[in-house]
Amino acid sequence: MALLLRFLLLLGLYGDTMSEGPPPSSAYIPDGLEFEFPPTSYETRDSYEAGPTGILFQIVHIFLHMVQPNAFPEDILRKVVQKEFDLSTDYEKIIYYEIGIIICAVLGLLFIILMPLVGFVFSLCRCCNKCGGEMHQRQKKNGAALKSYFTLSLLVICIFISFGIIYGFVANQHIRTHIEKTRKLSESNFNDLRTLLNATPGQIDYVLDQYTTTKARAFSDLDNIKLLLGDGIFKQLKPRVVPVLDDIEAMAEEIQETRETLVEVNSILTDMRQLSANLSNSLSNVKGNLEQALTDPMCSVHPVMTTCSNIMNSLGLLDGSIDFDQLPSLDEQIGNLNDILQTNLSSLVQKGYRSFNAIPGIVQNETVNVVSDVKMTLDSIGSDIKNISKNIPIQDKLSNFIRYLNDTENYIHRHLPTLEEYDSYRWLGSLVVCCLLTLIVIFYFLGLLCGTYGYDQNATPTRRGCVSNTGGIFLMVGVGFSFFFCWLLMTIVVLTFVVGGNVEKLVCEPYQNKMLFQVLDTPYLLNADWKYYLSGMVFNKPDIHLTFEQVYSDCKENKGIYATLKLENTYNISEHLSIKEHTGNINNNFENMNIRIDNIVLLDEAGRRNLMDFSSSGIDKIDYGAFMAAPPGNLKQTLKNNAGILRNIHRDEIIPLQKLMSAVHQKLKELQQKSSGLGVKVANIIRFLDSAQDFITNRISTIIAEESKKYGNTIISYFEHYLQWVKISITEQMAACKPVANALDSAIDVFLCSYIIDPLNLFWFGIGKATAFLLPAIIFAVKLAKYYRRMDSEDVYDDDMENANIGSRRHQASSVENANIGSRRH
């Protein structure tokens, strides 16, 4: 009990180091900031396995439960601890609880008292030729069956005795082997406790050093504010601004293309007018020549006259030339476009692009002071967190604990050789006990072996062989040793049974089911002024609900000492690692951040006028129908019907004119499509431009605030995650007290119960069973020895005169026996 309290109270040395329970872990884990608490490995195993011997231990536990089925006497133990136990008034409860053990102990005492007395009386009786001492075997018809029954019974009993002896040898060797492991067990536990103590400062340093990683990540984001915050604002505005600027840039290109198209069309029209004049002169000359040719006298002769008349009638077709001078002039529209192009709309659009794309840079320039302030705040947070380790008086406590640990280890190492020496004496004494039983059972086995092997069924009792007689002697020697040593063996069994059984039921079993802790956790038990003894020792606040059972269970689960001992009642870690306290300044800096982006102009007034002038340039009012209707459709076919000169005119003048007309037609068609709805296009662009400009002007501050808050939350989330991890590490993982629970288990469950009590109980169980079976073994050995030993006299049977002469034969035999006895004495 004192050992239990000592281990648990050692935890109180940490009373001023930690504080309240951990906060809920954040669900958001920033990329690259997944902290992992360094694991600590220990030497001592979590549980003890007895191996194959454990089955024998379980058998003994079952027997003890049958002998002592009563529940753990909590009330009695509480009275004993409180020194209120009065044997005169509470003896009935003791007897009720111990009734099974008392009965077994009383039976053992009766055995111890009666067996020597019975052996003494039995010896005297045999010396008087009674109790089987007479060397005369009366013949019986069922003698062979009795011999077989006695032989088989003794053999079975000897086998049972042998099992008990084996249990004794196993238990004796188990204790010796595991006592030798005690030094290694204690060293592993002390090494684990030292690992716990030595690793704790390093764990604190590791947790605090992770702030450097967090701060580096935050500083990196602050240095990249142009990319992270500026681009965030830029991306919010981009869907409203960039399409408008793209449309204006496309319109600027369209103005340039329209002017180039008009100039090209105007040039082509000039060429067409020249070609049309040349064509008209050529056709006039051809017409004159043909008219003169038709005045030839041959045209008056039939049938030439008909041909000439037809040609004369077709000469009128040579006057169908095109008059391009009637087409409207494009000089006015070209002049308007030239005036519009005096203003470089494309450069104005590029200026708008540059102004808009400069937003990330503006953000970076406007937040230089804010970033500097935030960095200073983060540096101060790091200083505050590092000061926490200085404010926690953990080093002094650890030093005290280490000194106590060293003293305890030295004490154990000083007395462990004494324990090993005493155990060697115990081992030798137990070995002697087992060897005595082994010697007895060997005599019985030798008696059975020699008697069975040397028995001759045809030999009379007085003529039995030497081997058979030796078997009988071995049996009687075994009986003598049994009487001589059984009381001593039973004394050892009773003593070890009472001690081992009670320790198992009062210490080992309640320790394993934690009933022992529940008794210790009884309010006002260990101190009449303290409700909870452990909290009174640790905090000097006995009203705090801190129990031995809870501390042991938490340490068994390898929880941190902070959570195990509820050290929030001494040192409130949340007050020193408050997220709001350390991040309030960062929030204020980002929420009050004043980023002015009010000089963004997507398109100035000159650009707007340029668009409006293009809308009113008149290109959408050109008479495209007049230009499209100018070329006639039957000129080609008409000219093809004339003479060879007309073919040359067609090749050299008509075809080029037609190509120019086709080009003009295509250009005008494209220009008509572009100019269609020009006013509506420009009006829409102006409207979208105004909308985008208003959005920037009116919404930019809101967007900046939203993105700044999001950016600030990202920075703060790093420290929220870090500080929450710090809390979890300190409260749940740092200084995990599993070595303390292991040490307590090693002292009570492993060393006391598994190394000593379990094999001790197995020892008395095996030796007790073997000793108890000596009683029937004595009876059957005495009975069986009559069938193996050589008798001095025997009954003689005659089938014809058996009943008549039986008295005379007995008289003769008695006379012979007395004569032999007299001669031997003589």
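Which residues in helix 14 meet which residues in helix 27?

## The contact of helix 14 with helix 27

From helix 14, the residues are Ser-468, Asn-469, Gly-471, Gly-472, Leu-475, Met-476, Val-479, Ser-482, Phe-483, Cys-486 and Leu-489, and they meet Leu-774, Ile-778, Ala-781, Val-782, Leu-784, Ala-785, Tyr-787 and Tyr-788 in helix 27. Contact means heavy atoms within 4.5 Å. By class, the residues of this contact are 14 nonpolar, five polar and no charged. Ala, Val, Leu, Ile, Met, Phe, Trp, Tyr, Cys and Pro count as nonpolar, Asp, Glu, Lys and Arg as charged, and the others, Gly among them, as polar.

Two packed helices are described by the angle between their axes and the distance between the axes. Helix 14 (residues 466-512) packs on helix 27 (residues 774-788) at an angle of about 160 degrees, and the axes are 8 Å apart. Helix 14 is therefore roughly antiparallel to helix 27. Angles under 35 degrees count as roughly parallel, over 145 as roughly antiparallel, 65 to 115 as roughly perpendicular and the rest as oblique.

## Basis of the model

This is a predicted model, in which local features need pLDDT of at least 70 and side-chain atom pairs count only at pLDDT 80 or more, while totals for chains, interfaces and linings use all residues. Residues are numbered from 1 along each chain as its sequence is written, and side-chain values use heavy atoms, with hydrogens and water left out.

Helices (H or I, at least four residues) are DSSP runs numbered from the N terminus. Axes are lines fitted to C-alpha atoms, for helices over the stretch in contact, and angles run from 0 to 180 degrees between N-to-C directions.

## The contact of helix 17 with helix 26

The axes of helix 17 and helix 26 (residues 738-772) cross at roughly 110 degrees and come within 7 Å. This makes helix 17 roughly perpendicular to helix 26. Helix 17 contributes Tyr-552, Cys-555 and Lys-556 to the contact, and helix 26 contributes Lys-738, Ala-741, Asn-742, Leu-744 and Asp-745. Four of these residues are nonpolar, one is polar and three are charged.

## Salt bridges

A salt bridge is a side-chain nitrogen of Lys or Arg within 4 Å of a carboxyl oxygen of Asp or Glu. By this rule there are 10 salt bridges. One of them joins Arg-194 and Glu-409 at 2.5 Å, N to O. Arg-194 lies in helix 6 (residues 182-223) and Glu-409 in helix 13 (residues 394-454), so the pair ties together parts that are 215 residues apart in sequence. Arg-194 is partly exposed, with a relative accessible area of 23%, and Glu-409 is buried at 11%. Buried means under 20% relative accessible area, exposed over 50%, and partly exposed in between (1.4 Å probe, protein chains only).

Asp-75 and Arg-78 also form a salt bridge, at 3.3 Å, N to O. These two residues are three apart in helix 3 (residues 74-81), which means about one helical turn separates them. Arg-78 is buried, with a relative accessible area of 18%. Glu-74, Asp-75 and Arg-78 are linked in a network of salt bridges.

## Two loops

Asn-558 is in the loop between helix 17 (548-556) and helix 18 (561-564). Asn-558 has a positive phi of about 65 degrees although it is not a glycine, and is partly exposed, with a relative accessible area of 31%. Tyr-524, in the loop between helix 15 (515-520) and helix 16 (533-539), has a positive phi of about 60 degrees and is not a glycine either.
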